[in-house]
Amino acid sequence: MTGATAPYPSAVPVGVDPTRASIARVYDAALNGKDNYEIDRQVLAQVRTVAPQVNDLAWANRDFLIRSCRFLAIQAGIDQFLDLGSGLPTAENTHQVVQRVNPEAKVLYVDNDPVVLAHGRALLEENERTHFVAADIFQPDEILGHPEIRDFLDFERPIAILHVGTWHHYLGDDGGDKMAAYVDAVVPGSYVTIAHFFDPETPEHSELARKMEDKFVHSPMGSGKFRTREQIQALFPGLEMVEPGLVLCDDWWPDGPRLQPLNLVRQCIVGGVGRKP
């Protein structure tokens, strides 16, 4: 594990290039985790030159994930979760949130980052109702045809598909088509949860969004696209949005009253939950 001054974890998993940044490790660094290298922290330092509160993107994303999972487990009664792009284990992972509500809930994590695989399999697979699969989350045919996923989840019953903090790392324009494949594969009563970097299309916010995007895309990580509301809404094809719809992550059923105004960075990430009718 890396410390504040260590350049990289002492045990480097097989297949990891410590000279290249990783999405999962940059996210871990933003949440003050310890499973990251100096190259990952450099990405955040680069973005911090234009957005000093860049870490708030990760915190808003994580808090939204926790609240939306609680909603799905408690209010929607979902007991099967397909968490795509799980990232590195931190406090309050999906399985911890939903299995606290329903110990019988099943959570299947998918990622293809070597560090995530090395640490995730050891830390996330705490019980027989939590499983980890290595696959490309942006290839729905690969995910939906994966035998381990098909064996673990019952696609004849509702499933919650979590794509939280993932699609902004896909730079193509066919995300809506790929999400349609996911939606087509699940039964009515299933849900989709998405959080995404956001361009609010106002002069002040758009300028910041474009600056952050430029730093992310031209960093060692190489991705981080800030899309418009229309572009992000297209990732919920044919779904009925749960109130309050697609909103700032911090505005999706917050835990309490807001006593501090949101900074501009926190106004550049949105989230939403859609239900398949």
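This is a predicted model: local features need pLDDT of at least 70, side-chain atom pairs count only at pLDDT 80 or more; totals for chains, interfaces and linings use all residues.
Local features need pLDDT of at least 70 and side-chain atom pairs count only at pLDDT 80 or more, whereas totals for chains, interfaces and linings use all residues. Residues are numbered from 1 along each chain as its sequence is written, and side-chain values use heavy atoms, with hydrogens and water left out.

**View A. The salt bridge of arginine 25 and aspartate 40.** A salt bridge is a side-chain nitrogen of Lys or Arg within 4 Å of a carboxyl oxygen of Asp or Glu; by this rule the count comes to 12. In this pair, the closest N and O atoms are 2.6 Å apart. Arginine 25 belongs to helix 1 (residues 23-30) and aspartate 40 to helix 2 (residues 38-48), so the pair ties together parts that are 15 residues apart in sequence. Helices are DSSP runs of H or I with at least four residues, and strands are runs of E with at least two, numbered from the N terminus. Both arginine 25 and aspartate 40 are buried (under 20% relative accessible area; exposed is over 50% and partly exposed in between, with a 1.4 Å probe and protein chains only).

View B. Arginine 210 is partly exposed, at 33% relative accessibility, while glutamate 213 is buried, at 16%.

**View C. Arginine 266 and aspartate 250.** These side chains form a salt bridge of 2.9 Å, N to O. Both residues are buried. Asp56, Asp250 and Arg266 are linked in a network of salt bridges.
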